[in-house]
Amino acid sequence: MNQLNEKIVLPGRETLELSIGLDEAHTVKHWSLRGIGDLEFLKELSSYRKTTVNTIDDFLIPQGTSVFALMIKELILKTRGQWNHPFDEEILCNCRGIPFQTVDRAIMVGAHTPEEVSAQTSASTSCGTCRVHVENIINYRLKK
Ligand code: FES
């Protein structure tokens with residue numbers, strides 16, 4: 001039995017944890033999805049738990065851009081080994097000293113344009129060279 005566990009914690013907000021048990025033939029023998037969040041988040045979580053799966057490929061990636069949809073998408077792609085986030089440095093905006101995690105979290109919870117990210121985090125509000133990274137992260141997080 002191979003056990004896969006992935007968890008995302010948005011500090012002070014949602015938490016989502018996916019656990020999958022696979023047998024030698026890569027068949028899903030059991031899985032669980034646990035989370036903490038607001039009512040809408042929990043409704044989406046409850047609905048997703050009704051998914052019928054036999055293999056990891058059967059886990060559906062929601063098309064929406066809700067916090068739940070973005071979190072489950074990341075968890076599923078990580079369990080499949082397909083998570084290729086376009087930015088992997090600690091500081092995203094050197095002018096303002098804004099960490100990547102701050103920008104990524106803002107995008108996860110609703111800043112879906114570079115302008116919204118700038119308003120919420122101050123990233124890309126000086127020289128602008130980091131804007132392309134912000135755009136890349138938005139595109140990666142929100143693409144179908
Ligand atoms: S590096 Fe982000 S505004 Fe200059």
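Reader: Leaving aside neighbours within four places in sequence, which residues is T51 in contact with?
Author: This is a predicted model. In it, T51 is in contact with W31, D58 and L60, once its neighbours within four places in sequence are left aside.

Reader: Where is T51 found, and is T51 buried or exposed?
Author: T51 is found in the loop between helix 1 and helix 2. Its relative accessibility is 16%, so T51 counts as buried, the cut-off being under 20%.

Reader: How far apart are T51 and T15 in space?
Author: They are 20 Å apart, C-alpha to C-alpha, and 36 residues apart in sequence.

Reader: How many bridges join strand 1 to strand 2?
Author: Eight bridges join strand 1 to strand 2 (residues 15–22), and the two run antiparallel. Q3 stands opposite G21 in strand 2.

Reader: And over how many bridges do strand 2 and strand 3 pair?
Author: They pair over eight bridges, in the antiparallel sense. Here L18 stands opposite L33 in strand 3. Strand 2 and strand 3 form a hairpin with five residues between them, and H26 in the turn has a positive phi of about 65 degrees.

Reader: Now the aromatics. How many aromatic pairs does the structure hold?
Author: The structure holds six aromatic pairs. In the pair of W31 and F59, the ring centres are 5.0 Å apart and the planes stand at 90 degrees, so the pair is edge-to-face. This pair links distant parts of the chain, with W31 in strand 3 and F59 in the loop between helix 1 and helix 2, 28 residues apart.

Reader: Are W31 and F59 buried or exposed?
Author: W31 is partly exposed, at a relative accessible area of 21%. F59 counts as buried, at 2% relative accessibility.

Reader: What sort of pair do W83 and Y140 form?
Author: W83 and Y140 form an edge-to-face aromatic pair, 5.0 Å centre to centre with 65 degrees between the planes. The pair links distant parts of the chain, 57 residues apart: W83 lies in the loop between helix 2 and strand 4, and Y140 in helix 5. Both W83 and Y140 are buried.

Reader: Which residues do ring pairs link into a cluster?
Author: The cluster linked by ring pairs consists of W31, F41, Y48, F59 and F68.

Reader: You mentioned helix 5. What does it reach from its first C-alpha to its last?
Author: Helix 5 (residues 131–142) has 12 residues and reaches 16 Å, close to the 16 Å expected at 1.5 Å a residue.

Reader: Which residues of helix 5 are buried, and why do they line one face?
Author: The buried residues of helix 5 are V134, I137, I138, Y140 and R141. Seen down the axis of helix 5, they fall within an arc of 165 degrees, so they line one face of the helix.

Reader: What covers them?
Author: The cover over the buried residues of helix 5 includes helix 2 (67–79), strand 4 (91–93), helix 3 (100–108) and helix 4 (114–121).

Reader: Which residues are buried in helix 3?
Author: Buried in helix 3 are F100, V103, D104, A106, I107 and M108. What covers them includes helix 2, strand 4, strand 5 (98–99), helix 4 and helix 5. Just after helix 3, G110 takes a positive phi of about 135 degrees.

Note on methods:
Residues are numbered from 1 along each chain as its sequence is written. This is a predicted model: local features need pLDDT of at least 70, side-chain atom pairs count only at pLDDT 80 or more; totals for chains, interfaces and linings use all residues. Side-chain values use heavy atoms; hydrogens and water are left out. Helices (H or I, at least four residues) and strands (E, at least two) are DSSP runs, numbered from the N terminus. The expected span of a helix is 1.5 Å times one less than its number of residues. Buried means under 20% relative accessible area, exposed over 50%, partly exposed in between (1.4 Å probe, protein chains only). The arc is that of the directions from the helix axis to the C-beta atoms. Contact means heavy atoms within 4.5 Å. Two strands pair if DSSP finds at least two bridges between them. Rings of Phe, Tyr and Trp (its six-membered ring) pair if their centres lie within 6.5 Å; planes under 30 degrees apart count as stacked, over 60 as edge-to-face and the rest as tilted.
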